[in-house]
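Please look over the sequence and the model shown here before reading on.

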Amino acid sequence: MLKIATFSLPILFCALLFRGHADSQLYDEEHEVLMKLKQHWRNPPSIAHWTPSNSSHCNWLEITCTSNSITGLSLINMSISETIPSFICELKNLTDLDLQYNNIPGNFPIILYDCSKLEYLDLSQNHFVGPIPQDIDSLSQLRFLNIGANNFTGGIPASVGNLTELKVLQLYQNPVQWFFPTRNWQSAQS
Ligand SMILES: *[C@@H]1O[C@H](CO)[C@@H](O)[C@H](O)[C@H]1NC(C)=O
Ligand SMILES: *[C@@H]1O[C@H](CO)[C@@H](O)[C@H](O)[C@H]1NC(C)=O
Ligand SMILES: *[C@@H]1O[C@H](CO)[C@@H](O)[C@H](O)[C@H]1NC(C)=O
Ligand SMILES: *[C@@H]1O[C@H](CO)[C@@H](O)[C@H](O)[C@H]1NC(C)=O
Ligand SMILES: *[C@@H]1O[C@H](CO)[C@@H](O)[C@H](O)[C@H]1NC(C)=O
């Protein structure tokens, strides 16, 4: 018994050390992504406190972490007027992204297809234009999608019916054509 203990304790210790290292590495990588986001969005004053020295980003109001890894970004009314960069999906555990009330331009951000865990996406009150993409079902984990108050045009693609987890779909105030595909959205809105 003693033999086993003396043999296995150092291994356990090494395993814990390694785990700690892996965790802090992920934390540092995610911190770096936040710094890049801030720069890409041209340093909006609303996120001036996102600095390398203010290093506990899990305590920042806009950030939600689970087990010290970023799972939520809530950037409401932050005067963001740049696109959403593809490196945002380097936050591999991101499930919730709320960007309502900004001035984000461009087409539907298909770069978010790489955020494979994304469940909650609010893009309402921005300046998005163009069609809702046919392959929107690539966001296969989506539970909530709000694209209200933008300038999306065209119809609602049938592939929305493939979003089996979707509980809420909000499309208000867009010049989309109101025809409905394979699912009954009145009952799905609840
Ligand atoms: C660090 O972030 C916290 C939480 O958002 C904020 O209250 C604080 O003012 C920041 N500190 C600095 C030095 O920016
Ligand atoms: C975050 O991602 C890492 C690496 O992919 C994974 O090991 C970890 O379990 C994830 N954490 C959460 C809270 O999902
Ligand atoms: C957005 O923020 C500005 C000030 O920063 C405030 O005047 C305005 O009411 C806010 N809008 C919303 C919808 O929260
Ligand atoms: C939508 O487009 C019209 C016409 O170009 C413009 O006046 C309006 O401000 C746009 N709305 C949004 C939310 O971008
Ligand atoms: C729904 O998903 C299936 C399987 O990936 C695919 O074959 C089908 O074309 C999709 N339906 C629509 C309307 O995109």
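How do the residues of the shell around ligand 4 divide into nonpolar, polar and charged? They divide into one nonpolar, three polar and no charged, where Ala, Val, Leu, Ile, Met, Phe, Trp, Tyr, Cys and Pro count as nonpolar, Asp, Glu, Lys and Arg as charged, and the others, Gly among them, as polar. This is a predicted model, in which local features need pLDDT of at least 70 and side-chain atom pairs count only at pLDDT 80 or more, while totals for chains, interfaces and linings use all residues. Residues are numbered from 1 along each chain as its sequence is written, chains are lettered from A and ligands numbered from 1 in the order in which they are written, and side-chain values use heavy atoms, with hydrogens and water left out.

**Ligand 4**
- Asn-126, His-127, Ala-149 and Asn-151 are the residues around ligand 4, each having a heavy atom within 4 Å of it.
- Taken alone, ligand 4 exposes 370 Å², of which the protein buries 34% (Shrake-Rupley method, 1.4 Å probe).

**Ligand 1**
- Around ligand 1 stand His-49, Asn-54, Asn-59, Trp-60 and Leu-61, a shell that divides into two nonpolar, three polar and no charged residues.
- Ligand 1 taken alone exposes 360 Å², and the protein buries 42% of that.
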